[in-house]
Amino acid sequence: MSDLICLGKIVAAHGIKGEVKVKSFTSQKKDVCAYGKLSNKDKTRFFEGQVKGFAKELLRVKFKGIDTRNDAEEIIGTELYVNRDILPDLEEDTFYLADLTGLKVLDANTQKELGKIVGVYNFGAGDILEIKFEEKKQTEMLPFNDAYVPTVDVQKGFVKVNYTSMNYQEDDNEG
């Protein structure tokens, strides 16, 4: 498990005074700045900010030292991380999406090991798992939902999948 948890990503500049738009990955969107200083992934840059409001589905955040639109534009694309140990304890059977990377992928019907999760993403329409299947040369992206991934057991180190690609045929008798 990673010691860092991504709480959000800077996606755009907002206005001329250094505010940025942040896509929050926290359960309460405005909590992205609630855990103190944030850092980029390699901890070479740190950010201390305050949520100023909303811009549609995104937060408007003002970070100390980011005072102009040019400053704000320079940090677009930065993912914002905190150390896992400062976050609240998780309830039973819950996990951070970061905990999925590296887990084994098993076939939900046969229990056969199929590969490993190599990444978790959200491009706007929901969470996506990137899986390196042992039998395929390329990775495959699968939606992270109950239809595709009915079982997640972080403690035992696996997820179970019903499908190995997004190209499946639904049963015509349903619905």
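Student: Which residues point one way from S13, and which point the other way?

Tutor: Phe158 and Lys160 point one way from S13, and Val159 and Val161 point the other way. All four names here are buried, where buried means under 20% relative accessible area, exposed means over 50%, and partly exposed is in between (1.4 Å probe, protein chains only). Helices (H or I, at least four residues) and strands (E, at least two) are DSSP runs, numbered from the N terminus.

Student: Okay, and what kind of model am I looking at?

Tutor: This is a predicted model, so local features need pLDDT of at least 70 and side-chain atom pairs count only at pLDDT 80 or more, while totals for chains, interfaces and linings use all residues. Residues are numbered from 1 along each chain as its sequence is written, and side-chain values use heavy atoms, with hydrogens and water left out.

Student: Back to S13. How does S12 pair with S13, parallel or antiparallel?

Tutor: S12 and S13 pair antiparallel, over three bridges. Two strands pair if DSSP finds at least two bridges between them. In this pairing, Thr151 stands opposite Lys160 in S13. The two strands form a hairpin with four residues between them, and Gly157 in the turn has a positive phi of about 85 degrees.

Student: And how do S8 and S13 pair?

Tutor: S8 and S13 run in the parallel sense, over four bridges. Val105 has Val159 in S13 as its bridge partner.

Student: What else does S8 join?

Tutor: S8 (residues 104–107) is joined by three bridges to S9 (residues 113–122), and those two run antiparallel. They make a hairpin with five residues between them, where Gln111 in the turn has a positive phi of about 70 degrees. Lys104 has Lys116 in S9 as its bridge partner.

Student: What stands opposite Lys116 in S10?

Tutor: Lys132 in S10 does. Seven bridges join S9 to S10 (residues 127–133), again antiparallel. This hairpin has four residues between its strands, and Gly124 in the turn has a positive phi of about 120 degrees.

Student: Where's Asn122, and is it buried or partly exposed?

Tutor: Asn122 is in strand S9, and it counts as partly exposed because its relative accessibility is 28%. Leaving out residues up to four places away in sequence, Asn122 touches Lys23 and Asp127; contact means heavy atoms within 4.5 Å.

Student: New topic: how many aromatic pairs are there?

Tutor: A search of the whole structure finds three. One of them is Tyr148 with Tyr163, which is edge-to-face at 5.2 Å centre to centre, with 65 degrees between the planes. Rings of Phe, Tyr and Trp (its six-membered ring) pair if their centres lie within 6.5 Å; planes under 30 degrees apart count as stacked, over 60 as edge-to-face and the rest as tilted.

Student: Where do those two tyrosines sit in the chain?

Tutor: Tyr148 is in the loop between S11 (140–143) and S12 (151–153), and Tyr163 is in the segment after S13 (158–161), 15 residues apart. Tyr148 counts as buried because its relative accessibility is 7%, whereas Tyr163, at 28%, counts as partly exposed.

Student: What sits over the ring of Phe133?

Tutor: The charged end of Lys136, 5.0 Å from the ring centre. A charge sits over a ring if NZ of Lys or CZ of Arg is within 6 Å of the ring centre and within 35 degrees of the ring normal.

Student: How many residues are in the largest nonpolar core?

Tutor: It has 20 residues, and Val20, Val22 and Phe63 have the most contacts inside it. A nonpolar core is a set of buried Ala, Val, Leu, Ile, Met, Phe, Trp, Tyr and Cys residues joined through side-chain atoms within 4.5 Å. S1 (4–14), S2 (19–24), S6 (58–63) and S7 (79–83) each supply at least two residues of this core. The largest share, four residues, comes from S1. Apart from that core lies another, of 14 residues, among them Leu114, Ile117, Ile131 and Phe133.

Student: Last one: how many helices and strands does the protein have?

Tutor: One helix and 13 strands. Of the 175 residues, 36% count as buried.
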